[in-house]
Amino acid sequence: STNYKKALNKKEDYKNYIQKLKDNGFYVIGRITAFKDDYYAQDHKESAILDTRTGSQFVQNHSYWPSAFSRDVWEFNVHLAIEAVKEMGFHEIQFDYVRFPDGTTKLEKSGVMDLRNTYEEDKAQAIQQFLMYARDEIHKAGAYISADVFGESANQYVTAYGQYWPAISNVV
């Protein structure tokens with residue numbers, strides 16, 4: 001996939017850097033951007049959020065967004081995390097961009113965006129279920145998970161981008 005082709009360093013270099021950190025007593029966390037991934041969205045158009053005006057991938061802030069509703073995207077991210085744990089030796093995987101694009105409420109309501117919601121879930125359900133799936137699989141590989149969330153998510157409501165603190169904090 002394009003993600004692997006565009007890596008800044010060779011896999012062996014990363015493994016050596018991580019091992020050096022671990023040898024010096026560091027707890028090593030790998031970061032994966034889950035649902036803001038230009039390369040995945042370009043390689044898998046069927047899993048990307050669709051702009052209904054153009055029929056191509058939706059662009060928000062110069063980025064393509066795979067849909068957090070797409071199980072293919074879930075599997076890709078979890079397989080990537082497990083690979084990072086097993087081959088690179090990370091103690092933990094931190095998922096960033098575990099959300100839908102922000103600032104798109106009007107576009108969603110007007111039908112400009114097709115979020116590819118085949119299971120008729122709400123956004124908070126999709127985010128929580130992804131994290132539950134990721135947690136279960138990554139724990140089997142011997143590592144922990146965490147997630148980056150907006151500070152607004154600490155409020156007691158579901159944000160427009162699908163982060164809901166009670167649904168996330170009970171998983172990670």
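A residue is called buried under 20% relative accessible area, exposed over 50% and partly exposed in between, with a 1.4 Å probe and protein chains only. This is a predicted model, in which local features need pLDDT of at least 70 and side-chain atom pairs count only at pLDDT 80 or more, whereas totals for chains, interfaces and linings use all residues. Residues are numbered from 1 along each chain as its sequence is written, and side-chain values use heavy atoms, with hydrogens and water left out.

Ala124 lies in helix α6 (residues 123–140), where helices are DSSP runs of H or I with at least four residues and strands are E runs of at least two, numbered from the N terminus. Because its relative accessible area is 9%, Ala124 is buried. Apart from neighbours within four places in sequence, Ala124 is in contact with Val158, Gly162 and Tyr164, contact meaning heavy atoms within 4.5 Å.

The axes of helices α2 and α4, being lines fitted to C-alpha atoms over the stretch in contact, with angles from 0 to 180 degrees between N-to-C directions, come within 10 Å and cross at roughly 65 degrees. The helices are therefore roughly perpendicular, a class that covers 65 to 115 degrees.

| Helix | Span | Residues that meet the other helix |
|---|---|---|
| α2 | residues 11–23 | Lys11, Tyr14, Lys15, Ile18 |
| α4 | residues 71–88 | Glu83, Glu87, Met88 |

Three strands form an open antiparallel sheet in the order β3-β2-β7, strands being paired if DSSP finds at least two bridges between them. The edge strands are β3 (56–57) and β7 (113–114), and Leu50 stands opposite Gln57 in β3.

Conventions. Parallel < 35°, antiparallel > 145°, perpendicular 65-115°, else oblique.
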